[in-house]
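Hi,

Here is the structure I said I would pass on. Have a look at it first, and then read my notes below.

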Amino acid sequence: MKNVKPRVKVPKKASAGEVITIKTLISHPMESGQRKDKDGNVIPREIINRFTCDFNGENVIDVTLDPAVSTNPYIEFDAKVPEAGEFKFTWYDDDGSIYEDSKKIAIG
Amino acid sequence: MTMTRRDALALAMGGFAVSVLPLPALADATADAIAKFTGGATAGEGGLTLTAPEIAENGNTVPVSVDAPGATEIAIYAPGNPTPDVATFKFGPLAGSQAASIRIRLSKTQDLVAVAKMADGSFVQAKSTVKVTIGGCGG
């Protein structure tokens, strides 16, 4: 059983039009499909293949991840905040699971 | 037919050439991946910064960042890995800058490659050599 837990760091407040840095981390084994278990069988690939971030329905970043991304994928990027609203973060797993998180931001 | 020493040598050389030929195919996987991203266009230089450590003690988590003002997409490739693709960033209308950081796996010492697609449709690329002490692809 995978214990997948998304963690996101977003400032609580920003001035209108400000560029903020967002840090995201999700606990996930990111099994590359290259490793073998002790009996020599290949452990099947099991990774998060896509990550997106949207703000009030508009896209900020869309990342395609390949097996070369480390365990517990960490992604840092910048976003523009034109108004108060909500950031939505979505991770897409190989097995079809979707993990979501959201963070509100105020103008002040 | 009798085999002279010269024939034997020629045969051996032929066999050697055949066995050596498939090797460059490995490096081509990266070229193919980049060609798929650029659509065959040649990538220029400049305008893209690829930041990676000179020496990575642990190939399992190597922090890498890319920065290309004015880019719409940036892709990272690791030619020394079993599969060269690492990650592709697509920047949306609300991206604060065309930069991102990520942690990646590297199986051995190699030249990382980043390719950026600029807003005008041109491509630029940057390279950075990373020395890996312990590889990070299991095995």
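Between the two chains, the contact draws 29 residues from chain A and 29 residues from chain B. Keep in mind while reading that this is a predicted model.

**The interface**

Putting chain A and chain B together buries about 2400 Å², and carbon and sulfur atoms give 51% of that. On the chain A side, the residues that lose the most area to chain B are Ala68(A), Ser70(A) and Tyr74(A), which together make up 23% of what that side buries.

What about polar interactions? The rule finds 18 residue pairs in polar contact across the interface of chain A and chain B, both residues being at pLDDT 80 or more.

As for where the chain A side comes from, strand S5 (58–65) and strand S6 (74–81) of chain A each supply at least two of the residues that touch chain B. The largest share, eight residues, comes from S5(A). By residue class, the side of chain A that touches chain B divides into 16 nonpolar, six polar and seven charged.

**The sheet**

S5(A) also pairs with a strand of the other chain: S5(A) and strand S5 (residues 85–91) of chain B run antiparallel, over five bridges.

Within chain A, strand S4 (residues 48–55) pairs with S7(A) in the antiparallel sense, over seven bridges. If you want a residue pair to check there, the bridge partner of Arg50(A) in S7(A) is Tyr92(A).

Is Asp93(A) buried or exposed? Its relative accessible area is 4%, so Asp93(A) counts as buried, the cut-off being under 20%. The side chain of Asp93(A) reaches the backbone nitrogen of Asp95(A) at 3.0 Å.

Cheers

Technical notes: Residues numbered from 1 in each chain as written. Chains lettered and ligands numbered in written order. Predicted model: local features only at pLDDT ≥ 70, side-chain atom pairs only at ≥ 80, totals over all residues. Heavy atoms only, no water. Contact = heavy atoms within 4.5 Å. Buried area = accessible area lost by both parts, 1.4 Å probe. Polar contact = N/O pair within 3.5 Å; in protein donor to acceptor, adjacent residues only side chain to side chain. Helix = DSSP H or I, 4+ residues; strand = E, 2+ residues; numbered from the N terminus. Nonpolar A, V, L, I, M, F, W, Y, C, P; charged D, E, K, R; others polar. Pairing = 2+ DSSP bridges. Buried < 20%, exposed > 50% of the residue type's maximum accessible area, 1.4 Å probe, protein only.
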